[in-house]
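Thanks for coming, everyone. Let me put the sequence and the model on the screen, and then we will walk through them.

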Amino acid sequence: MSTILSVKDVGKTYESAGNSLTVLHRINFDVEAASAVSIVGPSGSGKTTLLGLCAGLDRASTGSIVLNGICLDTLGEDDRAGVRNQYVGFIFQNFQLLPTLTALENVRVPLELRGERNSRNRALELLDKVGLADRSHHYPLQLSGGEQQRVSIARAFSNSPRILFADEPTGNLDAETSDTIERLLFDLNKDMGTTLVLVTHDMDLAFKTQRIIRMKGGAVVSDEVTQPKEL
Amino acid sequence: MEVPYTRPKLAAGWIVRMAWRDSRRSRSRLFLFVSSIIIGIAALVAIYALGDNFEKDIDNQAATLVGADLVISSNHSLEEGEQGIIDSVRGLSRAHAEEQSFASMVLFPKSGGTRLVQIRALGGDFPYYGKLETVPEAAGREFRNHRQALVDKTLLLQFGAEVGDSIKVGEVLFEIAGRLNQAPGQSGISTTIAPAVFIPMAYLDATGLNQKGSRINYSYYFHLPGGRDADVLAKGLDSLLEVHRMGYDTIASRKEETGRSFSDLSKFLSLVGFVALLLGCIGVSSAIHIYIKEKLNSIAILRCLGASSKQAFLIFLVQVMGVGFIGSLIGAILGTGVQQLLPLVFKDFVPVAISTDVSWSAILQGIGLGVWISVLFALLPLIGIRNIAPLNTLRLSLDTPSPIRDRLSWLVYGLIALFIFGYAYLQLSGFLQTLAFTAGVAVSFMVLFATASLLIWLVRRFFPASWSYLWRQGLSNLFRPNNQTVILVISIGLGTAFIATLLLVQEMLISRVSLSSSGNQPNMVLFDIQTSQKQRVAELVKEQGLPVIDQVPIVTVQLEAINGITADQARADSTLQVSRRALGGELRATYRDSLIDSEKITAGTWMGEAARGEMPRVSLEEGYANRIHVSVGDTLLFNVQGVRIPTLVGSLREVDWNRVQTNFRLIFPMGVIDNAPQFHVLMTRVPDESVSARMQQAVVTQFPNVSIIDLGLILSVLDEILDKIGFVVRFMGGFSMLTGFVVLVASVMISKYQRIKESVLLRTMGASRKQILVITALEYLFLGLLAAFAGVVLALAGSWALAAFSFEVPFAPNLLAMGLLIIGVTAITVLVGLFNSRGITLRPPLEILRKDI
């Protein structure tokens, strides 16, 4: 299998009012294409920062990140936006849907950004897959938390990403809804061959992936391959 | 292996679609933001449309401005050679008429009222275009054939006279044939200053008012046959007329002159409207700033999904353009409505009837300006979008660069300054004036900005921790995140400064005249007294129990040469350093042996008596000497009623023109022009209006040729003129004040969105409705008080500068009025604040949270 994400000696330091704060120290790991990986650790361990760097939302202070063969370190913000639009999907703990757009429009945005002509049908198809075909014209405020996350998943898969980053995807949901969301995520991961990188506190969710990277104090403390639990 | 990727394309269609989608829940708020520019655009569209219509009206009514094809005018009776010019033009004309006009007293026998008016003695069928608009209508034509007069409507009203009554002009009693509503070229203001009385030329001699030495203007009107170009004819006569000190007017030249004066007025008003627009733009900028802050998360999501910084920026730029267009369109419609009122406002200032047609060019200009200016001022907060990182979707970014460090911000500041300067330059056309205007605007904004910043700093630094919770909460609202302190202080402060300056300047102008009449200063001037009447007029004044404070002779002289250079030589050689305008001009001079209180020698030596065998040494007022480029030791040749008198400039004087004195630019020593034809001026002081009326009546009855200037009358005329000008300025200033009010309402409503969550939380925690209202009231009380105070201080500083450097009067502002203004503005601010916050307190917290958050 090929490597889709390569993280080498990555560190992140924030400068603020003359003080510097290092939140990540020399992180190293590779992620195989079509695999599912969890990053776990206590609050403040740097896992969300690491996710942001891997997805090209921010730039590492040291080291390098290669995503789908593209070295992100040298790219400007707009180039990274292009990479995200073509190869990356996102799922957030607080859903991050655009509140002024309907469910359908939210799913269409990445497709429209790519200039795809058939975005409406593709978005409807995805909404149907997550079981929200009949709620396509509802605004986020008119949907429950679980429904919003399902729209978010549909949006994340709309551009058929090579890799999907999920930050606490079930963190704001009850147990039953969480199960549904997890099933959807892993099904789509399997069906579409998308690599899945999860950041979570939830060890049950983490054990459903094939690999768990544990972090503490801004550093990787363990990186183990697991036998995924059945969903 | 490098995998290809493409940068996001701009895709205009998608950007517009996203702008539309994103605006769904914010349209009313976006509209609120641009509502601030509606008033400014309305003002400008109204003024532009007025200008367009006026230009059209002047074109259509140009002929009635002059009443004839050509007018030749002079301030002396026809001399040899001049009659020939007039006769030659008469020979080319279809018809001709003549007018002699001068200032004189008239008496209304029925009421005994007297007043200084403009007598216009008319011979011939003038006007040839338009008509003398009278009631009854026929009077305008028929009065010329009888011993009848047309009397200005304001005069009839003032003295309670009616058509059929009598009016005494000089020695002759005329029947009032009609009420004069309008004469060619006359405006409301000109009739306020000098109301006209038309009499037939045939009776002028009988009035005894056109004696030698009287200041009479002679006008010769010509109606040319079709095909004869008045301008070509006038240009042919130009140099000849200049030699004879005569002027001319044609329809084209009057049109140009009238258009120019109106254009100056219109440019001034455009600037006033522009200030209103600027004020609104500050409101737009501040509101968009808060709006973008609220959109931070949405922008971060878009960036996360792959939108470029340019795309995100353009989405919101399109929104601003859209609402800017709608706001401007509403402003333009409103302005077109306001324009219907403007002819009423300006009717006293223009000599033509102004139409109220819709001006599409004004509407387009207004909309264009509105869209451009909303975009320009929204750019400051909008360019910040470029720096919103997608990381904000995960957590608040720590790396957002400060706008101060963003180079593009400085470019936008530069563009704004350039735009203000450019717009002002187009209106003012003078570099220094434009610089002064731009600097004035910048200083005002900076002073208010500094005041607001100082307030925020002071409240933070000296926060009264021991005060009760409500006071602390109200005070801390002034500096907490998303506060509206700066924008509210600027908008309310500017509005207040506007009103206060208006009040102070109006008061200053009135007090300048009132001051000059205080104490034992003369307040009545009798002039045009013939030498033969001098003694008897003085006796009459004394008989009335009034003092003769001053009595001086006046001799009309003409300056023929400066250092031997005559007007002809100056005209022939433009390199000569002499004032061509001064040569040939008339001057009123006096002769005396000593200086008076209002004069001080600044150069040379005063000489009261002419020394025998030497060239007489005259004294010039220093400002006049500077204007004609003359200094001590230069020679001046005067023509005194036909006698040439060479003189030497012996001294220069500084003159206090503010004093009611007979001040002169030129004074001869005794023994030079003592026997020249002359008239006299007498000054006295009347204690009250009834004595003044009795005195005027006695003078007019016994000496009809003597004219009287009553300072009381000047004061009332000034008051009336200031009232008319004040109305226009208030009308235009009203746009700024209204904008200030809209910005205030918009800012309060925007801050409501900021405050709503915490107010709801406070209510959830048990705060009563009253407590919330007290907190809100206190916040706006501090804001209103400080802004109004800062505005008044700005106005006081500006008015002081005007008093010290322009009007040169002592600065004594009415502090009570200023205090009341501060209280009034503060009260309005608090009321608007409370009114807009009432929604938070009237409805249940949950309802508001669901609806607004």
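One definition before anything else. A residue is called buried if 20 or more other C-beta atoms lie within 10 Å of its own, exposed if 12 or fewer do, and partly exposed in between, with C-beta atoms placed from the backbone. Now the ground rules. This is a predicted model, where local features need pLDDT of at least 70, side-chain atom pairs count only at pLDDT 80 or more, and totals for chains, interfaces and linings use all residues. Residues are numbered from 1 along each chain as its sequence is written, while chains are lettered from A and ligands numbered from 1 in the order in which they are written.

Is Asn68(A) buried or exposed? Asn68(A) is buried, because 23 other C-beta atoms lie within 10 Å. Asn68(A) sits in the loop between β4 (62-67) and β5 (70-71) of chain A. Its phi is positive, about 50 degrees, although Asn68(A) is not a glycine.

Now Ala34(A). Ala34(A) also has a positive phi, near 70 degrees, and is a residue other than glycine. Look for it in the loop between β2 (19-32) and β3 (36-40) of chain A. Ala34(A) has 17 other C-beta atoms within 10 Å, so it counts as partly exposed.

Step back to chain A as a whole. Chain A has 7 helices and 10 strands. Those are DSSP runs numbered from the N terminus: helices are H or I with at least four residues, strands are E with at least two. Of its 231 residues, 48% are buried. The C-alpha atoms fill a box of roughly 50 × 40 × 40 Å along the principal axes. What is the radius of gyration of chain A? It is 17 Å, which agrees with the value near 17 Å for a compact globule of 231 residues. That radius is taken over C-alpha atoms, and the globule rule is 2.2 Å times the number of residues to the power 0.38.

Next, contacts. Two residues are in contact if their C-beta atoms, placed from the backbone, lie within 7 Å. Take contacts in chain A between residues at least 6 apart in sequence: 68% of them join residues at least 24 apart.

Here is a helix pair in chain A. Helix α5 (residues 145-158) and helix α6 (residues 175-192) of chain A pack at about 10 degrees, with their axes 10 Å apart. Axes are lines fitted to C-alpha atoms, for helices over the stretch in contact, and angles run from 0 to 180 degrees between N-to-C directions. So α5(A) is roughly parallel to α6(A). The cut-offs: under 35 degrees is roughly parallel, over 145 roughly antiparallel, 65 to 115 roughly perpendicular, and the rest oblique. Among the residues that meet are Ile153(A) and Phe157(A) from α5(A), and Leu184(A) and Leu188(A) from α6(A).

On to chain B. Chain B has 25 helices and 21 strands. Of its 853 residues, 42% are buried. For contacts between residues at least 6 apart in sequence, 84% join residues at least 24 apart.

Chain B has a helix pair to look at, too. Helix α2 (residues 27-66) and helix α13 (residues 360-382) of chain B pack at about 150 degrees, with axes 8 Å apart. That angle makes α2(B) roughly antiparallel to α13(B). The contact includes Ile37(B) and Leu44(B) in α2(B), and Leu369(B) and Ile373(B) in α13(B).

A cis bond joins Phe126(B) and Pro127(B), with omega about 0 degrees. Pro127(B) lies in the loop between β3 (113-123) and β4 (133-135) of chain B. Another cis bond joins Val135(B) and Pro136(B), with omega about -5 degrees. Pro136(B) is in the loop between β4 and α4 (139-142) of chain B.

Last stop, where the chains meet. How many residues of chain A are in contact with chain B? The count is 32, and they touch 30 residues of chain B. On the chain A side, β1 (3-16), α1 (47-54), α2 (77-87) and α3 (103-113) each supply at least two residues. The most come from α2(A), with 9 residues.
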